[in-house]
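Open the model in your viewer and keep the selection panel at hand. This tour goes stop by stop: what to select, then what is there.

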Amino acid sequence: MRELAAIGIVALAFGLGAFYVDRDVPLFALANLAVAAAALGAAGALALRRARAGGASPAARRLLARRIAAVAAALALAWACERGAARGGWTWDATADQRFTLAPATIEALRALPPGLTATLYTEPGDNRARNVRLLLETLAAAGPLEVRTRDLSEASKEAERYGIGSSSTIVLELGERWELVERPTEGALYEALRLLGTPSASVLYVARGEGEGRFDDMEDAGYSGLAAALQVEGYQLRDLVLPAADAIPPDASAVLLVGPRRPLRDVSLAALERYLAAGGRLVALLEPGVETGVEALLARWGFALPDALVVDPASGPVAGDPPGVNPIVFQFSDHPATRGLGPTRMVFLRGARPVIPERKPEPDDTLRAIAYSSRRAWLAPEPGGLPPGAAPERPADAVEDYFPLAAVGSYPREAGEARIVVIGDADFAANHSLRALYNADFILNAIHWAAAREPEITLRPKTITVDQFPMTPQQSLRMLYGVGLLVPELCLIAAALAWVRRRSG
Amino acid sequence: MSTRLAALVRKELAVLFGSPLAWLTMAGVALVTALLFFDHLRIYNQILFLYSSSTMGGFTSGTIPIYVNLRDQVFLPVMETLALTLIGLVPLVTMRVFAEERARGTDELLATTRLTPREIVIGKFAATYGFVALLMALSFVYPAASIIRAGLGLPHLLAVYLGLFALGIALASIGLVCSAFSESQLLAAISAYAVAFVLYDFRWTTQFLPEAVAAAIDPLSLHLRFGAFAEGLVRAADLAYFAGYVPIAFALTRLAWDQRRVR
């Protein structure tokens, strides 16, 4: 019996060893596993027969029965603890980029979906990314109603054809008849797929055009295609509004976006905007310093003062190749739905900003407030267009240092409805080159949600955090290897030699 | 801990460190870790310096591909190899714990002391787990020193080592059970390898079992559970899974011990 067990164990070790070397089950492994199964089975049968025939005393049998019961109890205890811990769901995300810490937006998007959502991960053997993606899916499943499945891509040709799966580690999210393909699964990509699976909203945003505004179809760095895509993911329909040709804002507008106009708006356009607001309309205006568009005068009637100056904030260092101070990093926010979650550790980065000062309420019931501020060391550089490019602005002796509001909001209850206005003293921060920097995307999307009266959708979205990429120098690495890396095994080997000599001599 | 139990643990540790095998095992783990880690760190640094050379834009954010990072280039490959190294080395330490006593007949001597079987098993388990902890601590020194010096990724490294320690405890538990059921140290080691190989990764079962059954038993694999730690994710369920090996191994060892007594 023991010989058979020994043969079985050796064959099992070799059979599985071959699998771990090859990551496949070759004939050698298969033969060994077959021999192991036969030998161990036979040894087990013989042991059972011997135990039945054996003449152990009743006391010995009782003792062994107790021990077997203890083994069963230990198994049950281990299983219960594991299940309990899994249900508790405690985790610690130790990754540098916090890839397993879900953003509130992802959890909300998942929980907002009706039951029946499944995520199928298609992988190929040997794909190192698969484990990471699977863990991300398991993290997601722990946060909301999601069933996770894994399929071998080589055995799922029909699904691959149906969904258009081109590579391993691709996820298909399915909800009833609808599905979304996620080819490079990150939390951000999953979030977008979850949002797209949700019920599309009927909110329509009109994007002003015709006076040099930022283009939402421009995919270059200075374009706003990223913002357009993000708004579509959030459930908005985007429509162009050619201001010079519009004498009225369409009635189905949830809000109008005025993003960095470069030329003065015509009187007819301004009048249309004025009428729209008076009738309870919603406007999100992103206005660059150094450009007078006529919107400033319109906004002044709604209580905002927009001095044509550049906010220089010495608390912000040189960013994006510009001199220090001209691109303020905003970390002070007032308590408002549009800035929910933002703060000193969740900042926004503006690229040249003008002050937006909430000056006076047009009506007593109106609400007007600043929502984002520079640091206390900021000052105003007049005539921002006249600053030499690339040079740090010099602080005039009479310049006043203060907290300057960089964004403000107003709400105006009127008979026709509540008008809402968001004014931000910069437009570039939402362009493609800066949208994904810090919490810029959250700031602009949440401001639009607030303006469009979609406060429940205000949230913080998944981030792509830069992972550790900075090295030690080769000299440092070598020094560490000789200093610590090889010293420890050397000392252990010396100890081994001493132990051996001591044994031999004693 | 009672005086008797403490004496037994001291005796076990003295026997362990009195043998060259324990020191050789520690040297092996520390050396493999150091060389593997240094080699991967060296290659990683070379790739980084290549990307950061002046013609490629320096260390400006965005010029280095996202997959060139400590996690993918250093932690994952090194720790995967270390996990397999543990399977090779831990049974060499555990094989003698009970089997040697049986082969020499000193287990009967031990049974005649005032120590209860439970205390004997606890003492041997504690000494072995302590040794595994020391093994991990020694192999941790160099990677930790390097990572702290570079100021990067220490939480991830801690997570990986927590996983390695948990894996080491599970492997030691398997080895102790195999040693308890065997009189031959060699057979104890080989059977520990065999059981560890069976439990390490259940993907081989997909060749024989229906996909649904294979998927159901997959969460029982050591590799899958360790994988979460290697990826930098510490989950209570995985810790509980590894901790579960301890009471099961303890109960099985008591069974082996009593089986020997009543035979």
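**Stop 1: chain A as a whole.** Select chain A and colour it by burial. Of its 506 residues, 41% count as buried. Keep in mind that this is a predicted model. Now switch to a cartoon view. Chain A has 14 helices and 19 strands. Its radius of gyration is 33 Å, well over the 23 Å that the globule rule gives for 506 residues, so chain A is more spread out than a compact globule. Draw a box along the principal axes: the C-alpha atoms of chain A fill roughly 105 × 60 × 45 Å. Next, turn to contacts within the chain. Among those in chain A with a separation of 6 or more, 74% link residues 24 or more positions apart.

**Stop 2: an open sheet in chain A.** Select S2, S3, S4 and S5 of chain A. In what order do these strands form their sheet? The order is S3-S2-S4-S5, the sheet is open, and the pairing is mixed. At the edges are S3(A), residues 147-152, and S5(A), residues 178-182; each pairs on one side only. Neighbouring strands are turned by 20° against each other on average, direction ignored.

**Stop 3: S2 and S4.** Zoom in on S2(A), residues 118-123, and S4(A), residues 170-175. They run antiparallel and are joined by 5 bridges. Pick A:Thr118: opposite it, in S4(A), stands A:Glu174. Then pick A:Thr120, which faces A:Val172 in S4(A). While the side chains are on show, recall a general point: in a regular strand they alternate between the two faces of the sheet.

**Stop 4: the hairpin.** Click A:Leu175; its bridge partner in S5(A) is A:Arg178. The hairpin has 2 residues between the strands, and A:Gly176 takes a positive phi near 65° there.

**Stop 5: helices on the sheet.** Show H5(A), residues 129-143. This helix lies across S2, S3 and S4 of chain A and runs at about 175° to S2(A).

**Stop 6: where the chains meet.** Bring chain B into view. Here 72 residues of chain B are in contact with 62 residues of chain A. Which elements of chain B give two or more residues to this side? They include H2(B), residues 20-52, H3(B), residues 70-104, and H5(B), residues 117-150. H10(B), residues 236-262, gives the largest share, 17 residues. Colour the side of chain B that touches chain A by residue type: 51 residues are nonpolar, 14 polar and 7 charged.

Stop 7: Select S1(A), residues 91-93, together with S1(B), residues 233-235. The two pair in the antiparallel sense over 3 bridges. Click A:Asp93 to find its bridge partner in S1(B), B:Leu233.

**Stop 8: a helix of chain B.** Finish on H6(B), residues 154-180, which also gives two or more residues to the side touching chain A. H6(B) has 27 residues and reaches 38 Å from its first C-alpha to its last, close to the 39 Å expected at 1.5 Å a residue. Is H6(B) largely enclosed or largely open? 23 of its 27 residues are buried, so H6(B) is largely enclosed by the rest of the structure.

Note on methods:
Residues are numbered from 1 along each chain as its sequence is written. Chains are lettered from A and ligands numbered from 1 in the order in which they are written. This is a predicted model: local features need pLDDT of at least 70, side-chain atom pairs count only at pLDDT 80 or more; totals for chains, interfaces and linings use all residues. Two residues are in contact if their C-beta atoms, placed from the backbone, lie within 7 Å. Helices (H or I, at least four residues) and strands (E, at least two) are DSSP runs, numbered from the N terminus. Ala, Val, Leu, Ile, Met, Phe, Trp, Tyr, Cys and Pro count as nonpolar, Asp, Glu, Lys and Arg as charged, and the others, Gly among them, as polar. Two strands pair if DSSP finds at least two bridges between them. The expected span of a helix is 1.5 Å times one less than its number of residues. A residue is buried if 20 or more other C-beta atoms lie within 10 Å of its own, exposed if 12 or fewer, and partly exposed in between; C-beta atoms are placed from the backbone. Axes are lines fitted to C-alpha atoms, for helices over the stretch in contact, and angles run from 0 to 180 degrees between N-to-C directions. The radius of gyration is taken over C-alpha atoms; the globule rule is 2.2 Å times the number of residues to the power 0.38.
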